[in-house]
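Thanks for making time this morning. I would like to walk you through one model, and I will keep to what can be read from its coordinates.

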Amino acid sequence: MAEQKDAAPAGRRRIALAVVLLLLLCGGAVIGLNWNAWFGTPPPAAEQTTAPEIDPNAKAWQGQQPTVQGGADTGIQIPGYPSLALPANTQDVQVALLNPEGNPCYFTFTLLLQETGEVLYTSKLVPPGQAVYQISLSRPLEAGEYDAVIRIATTALTDGSPMNGADVKTVLVVR
């Protein structure tokens with residue numbers, strides 16, 4: 001009978017050892033199957049799925065291209081605007097803010113007063129070869145001359161990432 005008592009604990013030990021080994025094997029299989037998901041390289045960023053918000057006032061450019069002020073080394077052409085003529089006491093005005101043909105980016109134009117930084121207008125995206133001809137100012141301006149800046153932010157056509165921009169000084173001639 002003494003032999004049966006010794007056999008019982010040995011059998012239990014074998015069963016316990018088998019259960020532990022089975023748990024280790026299952027845990028290893030779970031880790032192995034999920035290793036890349038948990039510790040692998042992250043999946044590539046999703047491509048831009050939303051369409052860019054093109055300015056509804058952007059139209060195909062008609063006429064002579066304005067003088068380019070730089071950006072030739074980077075491939076982005078920035079037009080110059082020595083002055084803009086605007087009617088006094090009017091919010092909806094006609095201008096020609098151009099993104100030159102061949103640029104690898106969209107332009108977003110922000111017109112602001114140089115002295116105060118007040119934003120008078122911000123466009124949505126303007127594709128290359130198009131211009132915004134009609135803008136709505138945040139407020140009408142009284143007659144006079146105002147030093148202003150046209151801030152041009154650029155956005156890559158391919159993935160929507162920001163690129164180099166420019167601040168173009170101009171004079172608003174309001175009559």
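**Inside the core**

Let me begin with Ile-150, which, if we leave aside its neighbours within four places in sequence, is in contact with Tyr-81, Leu-84, Leu-97, Phe-109, Thr-110, Leu-111, Ala-166, Asp-167, Val-168 and Thr-170. Please keep in mind throughout that this is a predicted model.

Ile-150 belongs to the largest nonpolar core, which has 32 residues, and together with Leu-111, Leu-137 and Leu-172 it touches the most other members. At least two residues of this core come from each of β2 (83-86), β3 (92-99), β4 (105-113), β5 (119-122), β6 (130-136), β7 (144-156) and β8 (166-174), and it is β4 that gives the most, with five residues.

So how is β4 placed, and how many of its residues are buried? Nine of the nine are, and β4 is therefore largely enclosed by the rest of the structure. Both of its faces are covered, with Cys-105, Phe-107, Phe-109, Leu-111 and Leu-113 buried on one side, and Tyr-106, Thr-108, Thr-110 and Leu-112 buried on the other.

Now to the strands that pair with β4. With β7 it runs antiparallel, joined by nine bridges, and with β5 it pairs, again in the antiparallel sense, over three bridges.

Key:
Residues numbered from 1 in each chain as written. Predicted model: local features only at pLDDT ≥ 70, side-chain atom pairs only at ≥ 80, totals over all residues. Heavy atoms only, no water. Core = buried A, V, L, I, M, F, W, Y, C linked by side-chain atoms within 4.5 Å. Buried < 20%, exposed > 50% of the residue type's maximum accessible area, 1.4 Å probe, protein only. Helix = DSSP H or I, 4+ residues; strand = E, 2+ residues; numbered from the N terminus. Contact = heavy atoms within 4.5 Å. Pairing = 2+ DSSP bridges.
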